[in-house]
Amino acid sequence: MTSFLFDGPGDSSHTILLAHGAGAPMDSAAMTASAAALAEAGFRVARFEFAYMAGRRGGAGVKPPPKAEKVMPEYRTAVDALGASGPLIIGGKSMGGRVASMIADELHEQGKIAGLLCLGYPFHPPGKPEQLRTAHLLAMKTPALIVQGTRDPFGTLEEVSTYTLSKAIEILWLEDGDHDLKPRKAVSGFTAADHMKTMAKTASAWAARVAP
């Protein structure tokens with residue numbers, strides 16, 4: 001049974017379903033900050049965990065995360081269990097967003113989702129820019145917003161700007177942001193809170209366009 005953490009108004013017109021990254025749970029600092037910012041922008045936000053992460057809470061020990069393909073069925077189950085009444089946007093942080101992106105077109109075609117929101121997309125493993133995880137993004141039809149830090153080791157601005165991606169994908173670049181979208185204030189002049197606010201404001205305007 002899928003368990004959810006909720007933020008934001010219950011009567012919001014748009015719901016966002018977020019999955020966590022490979023190594024941190026749904027209530028990590030980064031996930032909590034993102035959910036809070038999106039809720040402040042008016043979204044109803046639901047967070048959930050894949051079984052391997054939930055198992056860690058139950059004392060199952062720390063096991064390596066499974067391959068993204070292995071947890072795709074769990075994401076589909078979460079969408080059905082959530083049963084959002086209005087427009088639903090799926091996504092997540094890092095691996096969670098990647099898994100959502102791998103099932104997005106299928107669910108969009110079925111009319112189950114309106115869009116995709118990825119927070120720190122893992123375009124490639126750190127230090128291995130040749131191992132791209134973008135094949136399914138070339139012809140994506142689902143409206144998508146990827147929020148990426150310019151110095152994210154999973155895909156920097158310099159690297160991603162050379163990729164060919166679907167025109168359905170928009171990218172919001174956050175200056176000096178790392179994989180958690182956090183900037184170095186002394187370098188960029190921005191705080192993590194600044195970037196969270198920009199992310200949420202942009203997501204709100206984007207959602208209004210793709211799922212009015």
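Two strands pair if DSSP finds at least two bridges between them; the strands (E, at least two residues) and helices (H or I, at least four residues) are DSSP runs numbered from the N terminus. The model shown in every view is predicted, and its local features need pLDDT of at least 70, side-chain atom pairs count only at pLDDT 80 or more, and totals for chains, interfaces and linings use all residues. Residues are numbered from 1 along each chain as its sequence is written, and side-chain values use heavy atoms, with hydrogens and water left out.

**View 1. Strand E5 and its pairing with strand E4.** Of the 5 residues of E5, 5 are buried, so the strand is largely enclosed by the rest of the structure; buried means under 20% relative accessible area, exposed over 50%, and partly exposed in between, with a 1.4 Å probe and protein chains only. Both faces of E5 are covered, with Gly 115, Leu 117 and Leu 119 buried on one side and Leu 116 and Cys 118 buried on the other.

View 2. Strand E6 (residues 144–149) pairs with E7 in the parallel sense over 6 bridges, and Ile 146 stands opposite Ile 171 in E7. Contact means heavy atoms within 4.5 Å, while axes are lines fitted to C-alpha atoms, for helices over the stretch in contact, and angles run from 0 to 180 degrees between N-to-C directions.

**View 3. Helix H4, with a kink centred on Ile 103.** H4 (residues 95–109) has 15 residues and reaches 22 Å from its first C-alpha to its last, close to the expected 21 Å (1.5 Å times one less than the number of residues). The kink in H4 is about 45°, the bend being the angle between axes fitted to the seven residues ending at a residue and the seven starting there. The buried residues of H4 include Met 95, Arg 98, Ile 103 and Leu 107, and what covers the buried residues includes strand E2 (15–19), helix H2 (51–57), helix H3 (72–82), strand E4 (88–93) and strand E5 (115–119). H4 is followed by Gly 111, whose phi is positive, near 80°.

**View 4. Aromatic pairs, of which the whole structure holds 6.** Phe 50 and Tyr 75 form a tilted pair, 6.3 Å centre to centre with 55° between the planes. Rings of Phe, Tyr and Trp (its six-membered ring) pair if their centres lie within 6.5 Å, and planes under 30 degrees apart count as stacked, over 60 as edge-to-face and the rest as tilted. Phe 50 lies in the loop between E3 and H2 and Tyr 75 in helix H3, so the pair ties together parts that are 25 residues apart in sequence. Both Phe 50 and Tyr 75 are buried, and ring pairs link these two residues and Phe 48 into a cluster.

**View 5. Ala 78 in helix H3.** Ala 78 is buried, with a relative accessible area of 0%. Leaving aside neighbours within four places in sequence, Ala 78 is in contact with Thr 2, Phe 4, Leu 17 and Phe 48. The C-alpha atoms of Ala 78 and Ile 169, which are 91 residues apart along the chain, are separated by 23 Å.

**View 6. His 195 in helix H7 (residues 192–210).** His 195 is buried, with a relative accessible area of 3%. Not counting residues up to four places away in sequence, His 195 touches Leu 174, Glu 175, Gly 177, Leu 181, Pro 183 and Phe 190. From His 195 to Pro 66 the C-alpha to C-alpha distance is 30 Å, and the two residues are 129 residues apart in sequence.
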